[in-house]
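Good morning, and thank you for coming. Today I shall present one structure, and I ask you to keep it in view while I speak.

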Amino acid sequence: MAIAGRELRLGLRNRWVLAAVGLLLVLALALHALGTLPAGAVEATAFRVAVVSLASLGVYLLPLLGVMLGHDAFVGERERGTLALLLAAPVGRAALVAGKLLGHAAVLGLAIALGFGGAALVIAFGGDGGAAWAGGAAYLRMMLGSWLLGLVFVALGYLVSIGTRERTTAGAIAIGVWLLLVVIYDLALIGVALAGGGEWLDASLFAWLVALNPTDAYRLLTLAGDAEVARVAGLLGVTSDLALPQGAELGVLFAWLLAPLALVAILLGRYEP
Amino acid sequence: MMPLAEEHAAEVILRGVRKAYRRTVILPGLDLTLPRGETLALLGHNGAGKSTVIKLMLGLVRPSGGAIDYRDAEGRAVDGAYWRRGVGFLPESLAFPGNLSGRETLRFHARLKGCPPQEADALLEDLELGDAADARVRTWSKGMRQRLGLAQALLGSPATLILDEPTSGLDPALRRALYARIEAHRAAGGTVLLSSHALNEVEHVVTRCVLLHRGTVCAAGTPATLREQAALPIRVRVTAPASVLAALAARLGSALHWRTLGEDVAETACMQHRLPGLVQAIAACGDAVRDVEITPARLDAVYAELGRQDAAQ
């Protein structure tokens with residue numbers, strides 16, 4: 001808990017939270033202001049439109065925020081010499097990882113709650129009265145999904161952090177991980193699918209390959225989860241086409257969170273500062 | 001001064017401890033004991049293995065071979081983790097997060113160690129950091145940060161203090177303050193292990209020195225015995241009228257070579273066993289001798305000599 005508290009305090013103190021809140025809030029409001037235009041023809045509530053536009057951008061932004069938070073966690077402490085202190089203190093190494101994650105989860109949660117949450121208030125009260133809160137559930141789901149996606153990349157950042165000996169290397173690899181999972185993976189998958197003309201990949205394998213990427217799992221969770229949202233996003237029927245079991249995307253996200261954390265705990269056990 | 005946490009005191013014994021990273025051997029097989037109540041200095045150049053020894057004791061790195069034992073006052077084997085609960089550790093080149101205040105930083109470490117936050121506040125006052133305690137560490141001077149590191153090590157009144165290069169970057173006044181702390185800790189019955197290459201200063205605070213050279217002990221003992229081992233000459237400087245100096249030199253014969261430093265000052269160097277005869281001869285000159293200065297070889301000269309002898313073998 002002490003470690004979590006320190007991470008949160010550091011996040012607040014070095015204005016990380018402030019920057020992230022500002023970024024998310026500006027993004028949400030800008031998209032809200034612009035986002036009502038393309039939705040004109042399709043009838044949809046402001047919230048559902050916001051979910052679609054925010055999730056489409058959040059899928060790039062939140063992993064980036066996540067790796068930025070995570071990649072410094074161990075290698076940075078090591079360079080400052082404080083890691084030896086933490087490891088020499090009567091605190092278990094798993095507790096150290098848990099404390100860090102808790103702190104970073106709080107930092108990220110705060111940024112999302114204030115950023116996206118603040119935008120939600122604007123959308124609700126700035127809207128057309130009556131049905132203002134319609135689609136609020138989908139929006140809330142988007143916020144929670146964003147938090148989870150961010151945490152997945154925090155955990156991946158930890159893994160990078162513990163596997164490298166210098167902060168700059170960790171930063172570069174972290175950006176590489178982000179690029180790979182957020183951008184390249186999908187492009188490669190589409191490329192393979194197109195090149196093979198549907199023969200190389202059968203439909204269910206393709207579905208799983210899509211869902212196994214945490215960012216795509218996030219898209220499925222936030223965009224295809226609500227039928228109305230899916231319609232706005234043009235993703236109607238995607239989940240049924242993909243034929244994935246119920247909750248698969250959530251399972252994938254949790255797996256992406258827990259597997260790196262377990263690996264980090266094991267590696268930290270052998271870590272020699 | 002708070003009472004020491006005596007219950008976690010233990011003797012640490014390294015037996016044939018080996019440490020290697022891939023092909024780089026840091027310690028080829030080290031035997032070393034840190035007895036309870038001792039103030040032990042680990043001396044050596046950069047890369048001699050001092051920090052590695054400390055990290056091995058603290059369980060931060062694992063030995064590639066050999067064993068590390070921890071024994072309580074009755075000689076019973078205890079767990080390393082038990083001993084570590086009574087250790088205050090100041091790592092080499094420590095940098096606390098600049099965006100937290102000194103008080104926040106120290107309270108955080110107090111929580112990690114399970115100490116009440118008041119103890120952190122008391123230590124800040126004690127180390128004269130009270131005035132700046134609520135300013136961010138970023139704005140602190142190097143000396144203040146080093147004291148914060150020391151305060152962190154002193155939290156919980158540990159039975160054992162482990163200080164890795166504690167004086168690097170400290171001005172002389174702060175160094176003296178640090179050594180006063182170490183003295184106080186020893187006086188209270190505590191154990192201290194410190195690594196240093198500021199050899200001349202540690203000789204006044206330590207009870208025993210271990211000289212490491214490429215991961216092996218090249219000399220060990222009290223500062224005095226190390227000096228004997230190195231067999232370095234003692235400098236004797238005499239201030240007296242030139243005629244008296246000439247008579248003195250004549251009486252002592254050609255075994256001693258005198259160097260004239262001024263009109264009435266001369267200096268010679270002699271080995272330990274010749275010193276009593278020299279002093280007698282000077283005393284025989286009576287009041288004509290206005291001043292005598294006897295300077296034993298400084299510990300860093302001893303260190304250089306022992307290192308040279310070791311390398312020659």
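**The interface, the sheet and selected residues**

Between chain A and chain B an area of about 2,300 Å² is buried, and carbon and sulfur atoms give 64% of it. Buried area is the accessible area, taken with a 1.4 Å probe, that two parts lose on being put together, summed over both. Of the area that chain A buries against chain B, 28% is supplied by Arg13(A), Leu85(A) and Glu272(A), more than by any other three residues.

Let me state the basis of these values. This is a predicted model, in which local features need pLDDT of at least 70 and side-chain atom pairs count only at pLDDT 80 or more, while totals for chains, interfaces and linings use all residues. Residues are numbered from 1 along each chain as its sequence is written, chains are lettered from A and ligands numbered from 1 in the order in which they are written, and side-chain values use heavy atoms, with hydrogens and water left out.

I return to the interface. Chain A brings 25 residues to the contact and chain B brings 26 residues, where contact means heavy atoms within 4.5 Å. How many salt bridges does the rule find across the interface of chain A and chain B? It finds zero, a salt bridge being a side-chain nitrogen of Lys or Arg within 4 Å of a carboxyl oxygen of Asp or Glu. Two residue pairs, both at pLDDT 80 or more, are in polar contact across this interface. A polar contact is a pair of N or O atoms within 3.5 Å; within protein, one must be able to donate a hydrogen and the other to accept it, and residues adjacent in sequence count only if both atoms are side-chain atoms. On the side of chain A that touches chain B, the elements giving two or more residues are helix H1 (2–13) and helix H5 (82–88) of chain A. Helices (H or I, at least four residues) and strands (E, at least two) are DSSP runs, numbered from the N terminus.

Next, the sheet of chain B. Six strands form an open sheet in the order S6-S7-S8-S3-S9-S10 (chain B), with mixed pairing; two strands pair if DSSP finds at least two bridges between them. Strand S6 (87–90) and strand S10 (216–221) of chain B stand at the edges with a single partner strand each, so one side of each has no neighbour in the sheet. Within the sheet, strand S3 (residues 39–43) and strand S8 (residues 191–196) of chain B run parallel and are joined by five bridges. One bridge pairs Leu43(B) with Ser196(B) in S8(B).

Now, burial. Buried means under 20% relative accessible area, exposed over 50%, and partly exposed in between (1.4 Å probe, protein chains only). Why is helix H10 (residues 214–224) of chain A described as largely enclosed by the rest of the structure? Ten of the eleven residues of H10(A) are buried, so the helix is largely enclosed; among them are Tyr218(A) and Leu220(A).

Finally, two loop residues of chain B. Glu128(B), in the loop between helix H4 (117–126) and H5 of chain B, has a positive phi of about 60° although it is not a glycine. Ser157(B), in the loop between H5 and S7 of chain B, also has a positive phi, near 40°. Which is buried and which is exposed? Glu128(B) is exposed, at 68% relative accessible area, whereas Ser157(B) is buried, at 10%.
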